[in-house]
Amino acid sequence: MEGQQKRSIFIVDDEEPIRKVLNTHLTKEGYGVIQSPGGPSVFDMLRSNSFDLVISDIRMPEVDGIKVLEFVRESFDSVPVIMLTGLNDISIAVDVMKKGAFDFIMKPVRKEDLMNVVRKALANRDLRLRNKELELENREYQLFLEQKVRERTKELNSKAMELQKAYGILKSMNIQFINVLAETIEAKDRHTSGHCNRMRQVCVGLGRLAGLNPEELEILEYASLLHDLGKIGINEAILNKEGPLTEEECRHVKEHSLIGEKILIGIPLMEQVARIIVAHHENFNGTGYPRNLKGEEIPFAARIISVADLYDAMSSDRPYRKGLPLEVVVEEMKRVAGTQLDPGLVNLFLESKVYQFSRG
Ligand SMILES: [Fe+2]
């Protein structure tokens, strides 16, 4: 047993000669031995000593071996119990095995049998202890992992919130920037005061009725504000000219669709807006500009803008004329549905009286 901690064995037997024999065998093998003759005091002795194994007789007066076994099983979970039994006790021996004894030894005890079963019982105890340690380690590791997951989740949540906040700021900057651009366009073309804002209201109203989702509505909103952005590149004198334009001037004004696209196409998040605004003067029957797109080739949002744009151009006041009456505007829109404008959208616009959105 050199190099190992001394193992201690608790012996319970009412017959002293048997205790002596066991004591001799076990101490010779290097084990520590605690002896008890049994009786009610055995429980106190068990409680006040520390040991690795219990060897207990079954038949004893007052407190029998089964009571000892039950006490040890309840109080010292990992301590194995070996029972001593006489030849005619075999059925009881089987019974105590069921109650949790590790094994039993027949009396008279042969040293070889005793040492064999003691070694096995102690190995079993070591395994149980190691198992318990592993369970504990496992549980601790699990708790550690759970804690880590909680911390990581918290971190991610706060990062997500920061991102959300940053996105909100970015978005509001974007809207402010677009509004500034829209005002710049209006400042340049004195015919169109308030036009961009009315366009925004009518376009978003019509888009919502047409079933666009929130992201599509947002793009449409930007495009409605910026549809005439290209006018920045058009000669101011021509834009503000009263009376009919020459053919050359007309061609020049028409360039605003492509100029607007050119300005926005390289800006991240604005590509979709660029593709819409370039098409806001396309006609449903393919006779518009700049690319003669037809029907569904024209982006849906651009078709919405065309409807709103024609309505606003006819109904709003200009410095040199009053806006046309509603009945006249409605008639004209019906007349160009299918040629200039998407007829489905004109229907929706008129049936739902979307024009009311621009009149506050
Ligand atoms: Fe335009």
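Strand 1, helix 1 (residues 16-28) and strand 2 form a right-handed β-α-β unit. Right-handed here means that, with the strands pointing away from the viewer, the path from the first strand over the helix to the second runs clockwise. Helices (H or I, at least four residues) and strands (E, at least two) are DSSP runs, numbered from the N terminus. This is a predicted model: local features need pLDDT of at least 70, side-chain atom pairs count only at pLDDT 80 or more, and totals for chains, interfaces and linings use all residues. Residues are numbered from 1 along each chain as its sequence is written.

Strand 1 (residues 8-12) pairs with strand 2 (residues 32-36) in the parallel sense, over five bridges. Pairing requires at least two DSSP bridges between the strands. I11 has Q35 in strand 2 as its bridge partner.

Now take D57, in strand 3 (residues 53-57). Is D57 buried or exposed? D57 is buried, because 23 other C-beta atoms lie within 10 Å. The cut-offs: 20 or more other C-beta atoms within 10 Å of a residue's own for buried, 12 or fewer for exposed, partly exposed in between, with C-beta atoms placed from the backbone. Leaving aside neighbours within four places in sequence, D57 is in contact with V12, D13, D14, G65 and L84. Contact means C-beta atoms, placed from the backbone, within 7 Å. The C-alpha atoms of D57 and K107 are 9.6 Å apart, although 50 residues separate the two along the chain.

Step back to the whole chain. The protein chain has 14 helices and five strands. The domain assignment gives domain 1 (8-134) and domain 2 (189-359); such bounds come from an automatic or database assignment. The C-alpha centres of the two domains lie 98 Å apart. The C-alpha atoms fill a box of roughly 135 × 40 × 35 Å along the principal axes.

The largest nonpolar core has 40 residues, and L206 and A223 touch the most other members. A nonpolar core is a set of buried Ala, Val, Leu, Ile, Met, Phe, Trp, Tyr and Cys residues joined through C-beta atoms within 7 Å. Helix 12 (300-315) is among the helices that each supply at least two residues. The largest share, seven residues, comes from helix 12. Beyond its neighbours within four places in sequence, A223 is in contact with V273, I276, I277, A301 and I305. A second, separate core of 27 residues includes V79, A101, F102 and V118.

Methods
Contact = placed C-beta atoms within 7 Å.
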